[in-house]
Amino acid sequence: MDDDLGDLIHLADPPGTSGHVVSLRVLERVPGSDFLDCEFVVETETINGSFPVGITSDDVDAWEEALDKLAGNRLVSWLTSGRSVQLGIKPLRPGVIGVSIHDGPSSQVTVSLPLSPPAGWIEDHRARLENVRRVLAG
């Protein structure tokens with residue numbers, strides 16, 4: 001993995017708490033395409049799992065729209081085509097979101113967990129989004 005590609009999504013509890021983490025790691029850009037090989041990674045006290053997923057530039061655009069909804073404190077579902085793992089994020093209470101990963105096409109596994117991301121997490125994700133757009137343009 002090229003560490004410079006980074007994470008499109010990185011949601012984590014503050015240090016010293018439950019330690020829940022959900023991330024979408026960008027593994028590589030498929031040469032000559034607008035396709036990125038990625039993996040969702042879920043880490044908790046009792047679960048460590050990963051789910052492969054491919055995303056396109058259209059998916060990246062849809063993630064930007066999802067961030068806009070999250071900024072408005074609204075529920076989002078991302079990657080809902082049925083061809084890959086789906087991400088859901090729902091505001092639960094101030095400072096806490098519910099995150100779910102559903103692997104419908106493959107294992108049928110769903111993992112749901114609460115997270116308390118740091119203040120400014122949406123702005124951080126907008127910056128991550130721009131980094132991924134640079135990778136896609138590259």
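Predicted model: local features only at pLDDT ≥ 70, side-chain atom pairs only at ≥ 80, totals over all residues.
On the side of α1, I listed Ser-57, Val-60, Asp-61, Trp-63, Glu-64, Leu-67, Asp-68, Leu-70 and Ala-71 as the residues that make the contact. On the side of α2, I listed Trp-121, Ile-122, His-125, Arg-126, Leu-129, Val-132, Arg-133 and Leu-136.

I then followed the strands and found an open sheet of four, in the order β1-β2-β3-β4, with antiparallel pairing. I noted β1 (7–12) and β4 (48–56) at the edges, where each has a single partner strand, so one side of each is left without a neighbour in the sheet. From one strand to the next I read an average twist of 20 degrees.

I went through the pairings of this sheet in turn. β1 is joined to β2, residues 21–29, by five bridges in the antiparallel sense, and I used Ile-9, which stands opposite Leu-24 in β2, as a reference point. β3 and β4 also pair antiparallel, over nine bridges, and they form a hairpin with four residues between them. In this pair I marked Cys-38, which stands opposite Val-53 in β4.

I next asked how the helices sit on these strands. I found α1 lying across β1 and β4, where it runs at about 110 degrees to β4. For α2, I noted that this helix packs on the sheet and touches β1, β2 and β3 (35–43), with a direction that makes about 160 degrees with that of β1.

**Entry on the sheet β5 to β8.** I found another open sheet of four strands, in the order β5-β6-β7-β8, and the pairing here is antiparallel. I placed β5 (76–78) and β8 (110–115) at its edges, each with a single partner strand, so one side of each is left without a neighbour in the sheet. The twist in this sheet averages 15 degrees from one strand to the next.

Again I took the pairings one by one. Three bridges join β5 to β6 in antiparallel fashion, and Ser-77 has Gly-88 of β6 as its bridge partner. β6 and β7 pair antiparallel over seven bridges, with Ile-89 standing opposite Val-99 in β7. I looked closely at the hairpin of β6 and β7, which has two residues between the strands, and recorded there a positive phi near 85 degrees for Gly-95. β7 and β8 are paired antiparallel over six bridges, and His-102 stands opposite Thr-110 in β8.

I checked α1 against this sheet as well, and found that the helix lies across β5 and β6 and runs at about 170 degrees to β5.

**Entry on the largest pocket.** Finally I looked up the largest pocket, which holds about 200 Å³ of space. I listed its lining as Leu-70, Asn-73, Pro-91, Leu-92, Arg-93, Pro-94, Gly-95, Val-96, Ile-97, Pro-117, Trp-121 and Ile-122. The elements that give two or more residues to this lining are β6 (86–93), β7 (96–102) and α2, and I noted that β6 supplies the largest share, three residues. By class, I counted nine nonpolar, two polar and one charged residues in the lining.

I cross-checked this list with my earlier entries. Leu-70, Trp-121 and Ile-122 of the lining also stand among the residues with which α1 and α2 meet. Gly-95, likewise a lining residue, is the glycine whose positive phi I recorded in the hairpin of β6 and β7.

Key:
Residues numbered from 1 in each chain as written. Heavy atoms only, no water. Contact = heavy atoms within 4.5 Å. 1 Å grid on protein atoms, 1.4 Å probe; cavity = no way out; pocket = protein on both sides within 12 Å on 5 of 7 lines; lining within 4 Å. Points joined across faces, edges and corners; volume = space filled by probe spheres on them. Nonpolar A, V, L, I, M, F, W, Y, C, P; charged D, E, K, R; others polar. Pairing = 2+ DSSP bridges. Axes fitted to C-alpha atoms, helices over the stretch in contact; angles between N-to-C directions.
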